[in-house]
Amino acid sequence: MKKGFLIILVLGLALTLSACAPAKDPGAAAGGSPAKADRRQIVVGFSQVGAESDWRLGNTQSMIDAFSAEGGYRLILDDAQNKQERQITAIRNFINQGVDYIVLAPTTERGWDTVLGEARAAGIPVILVDRRIEVEDESLFVCWVGSDFRREGDTAAVWMEEHLPEALRIVHLQGNLGSSAQIGRSEGLAAALARHPGWKVVFEAPGDFVQAKGQELIESLPQDLAYDVIYAENDNMAFGAIDALKNAGILPGKDVAIISFDAGGRALRLVLEGEINLDVECNPMHGPRVRAVIEQLERGETPSKYTYVEETWFDAETLTQAVIDRRGY
Ligand code: GZL
């Protein structure tokens, strides 16, 4: 074989082989110890519910902060605007893009079996965060990180039993119907209603965790409807309810007790000011927890199937400005 031809052949072969080799992460240190810097960039597709509340914005920021380029990640964030069908489309897009991991914050509990089956068929691990899902086969997701929503509802009910009169007329502002946050918080109230014949729900409707809807629902109440407490399943609906009460010359936290969930910074300031009587914490800072799960999987380890985050509650007797400052959200 001619020498010149041989050189071209070897050169061509070398170029072909290099094109097949996995592209090294441009940020990786050349040579050096096999530290994280040498790891490929990990691509995470995150399907987020939306931007409906302070809690959700905090949750999204926590994920953005946790999956930074400096940390060796690329986060592809999709905002589903509270629509499950948009989440299903986003998951299919992540599969087509060949992401390394899919993180899903599900809008609702049902309807995930098919699309999570497609992710499994593509060999892409799915991590659930925040709300729960109901599927036939729980191997469709690797693990879940989130809150115990029923416990949150029970916490609120116990506080109401200890701090409010035995005869209670309750206005119940629900979150998105079918979301586990709404289901658990509503179940906690329902269990207390069964314990207290003196408690009565005089109005109940979904406000979808949205401030404007919380305000609209309270403004829509009949003028002659008498009630003692508003049980709002998140802070933003409580903010809307408070605005409606104030516009009607009613003192929130005094004329009408306000029970809320999430305990974001804005709401805790209202607890200090006496406008919200109880706020049950729902911690949105899931980014570091989800990153820890992915790091475990990268090391070939198996994370716990279910991880509940630690949560507490706040009222004016227990809360201080220092506590608010320390929480950072
Ligand atoms: C709770 C989360 C809920 C929050 C709302 O984990 O799913 O959705 O309580 C948010 O503020 O909209």
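Trainee: Which helices each supply at least two residues of the shell around the ligand?
Mentor: Helices α2 (54-66) and α6 (180-195) do. A helix is a DSSP run of H or I with at least four residues, a strand a run of E with at least two, both numbered from the N terminus. The model is predicted: local features need pLDDT of at least 70, side-chain atom pairs count only at pLDDT 80 or more, and totals for chains, interfaces and linings use all residues. Residues are numbered from 1 along each chain as its sequence is written, and side-chain values use heavy atoms, with hydrogens and water left out.

Trainee: Which of the 13 residues around the ligand come nearest?
Mentor: Glu52, Asp130, Arg131, Arg185 and Asp262. A residue is near a molecule or strand if one of its heavy atoms lies within 4 Å of it.

Trainee: Which cavity is the space taken by the ligand?
Mentor: The largest one. A cavity is a set of points, on a 1 Å grid over the protein atoms alone, where a 1.4 Å probe fits but cannot get out.

Trainee: Why is the pair Asp208 and Lys213 called a salt bridge?
Mentor: The closest N and O atoms of Asp208 and Lys213 are 2.5 Å apart. The definition asks for a side-chain nitrogen of Lys or Arg within 4 Å of a carboxyl oxygen of Asp or Glu, so the pair counts. The structure holds 20 salt bridges. Glu52, Arg56, Asp130 and Arg131 are linked in a network of them.

Trainee: Is Asp208 buried or exposed?
Mentor: Buried, because its relative accessible area is 19% and buried means under 20%, exposed over 50%, partly exposed in between (1.4 Å probe, protein chains only). Lys213, at 34%, is partly exposed.

Trainee: What does the salt bridge between Arg92 and Glu118 tie together?
Mentor: The closest N and O atoms of Arg92 and Glu118 are 2.7 Å apart. Arg92 lies in helix α3 (residues 84-97) and Glu118 in helix α4 (residues 113-121), so the pair ties together parts 26 residues apart in sequence. Arg92 has a relative accessible area of 35% and is partly exposed; Glu118 is partly exposed at 28%.

Trainee: How do you know that Glu298 and Arg40 link distant parts of the chain?
Mentor: Glu298 forms a salt bridge with Arg40, with 3.0 Å between the closest N and O atoms. Glu298 is in helix α10 (residues 287-298) and Arg40 in the loop between α1 (3-20) and β1 (42-48), 258 residues apart. Glu298 is partly exposed at 26% relative accessible area, and Arg40 is partly exposed at 38%.

Trainee: Where is Gln41, and what does its side chain reach?
Mentor: Gln41 is in the loop between α1 and β1, and its side chain reaches the backbone oxygen of Tyr73 at 3.4 Å. Gln41 counts as partly exposed at 31% relative accessibility.

Technical notes. Polar contact = N/O pair within 3.5 Å; in protein donor to acceptor, adjacent residues only side chain to side chain. 1 Å grid on protein atoms, 1.4 Å probe; cavity = no way out; pocket = protein on both sides within 12 Å on 5 of 7 lines; lining within 4 Å. Sits in = over half its atoms within 2 Å of the grid points.
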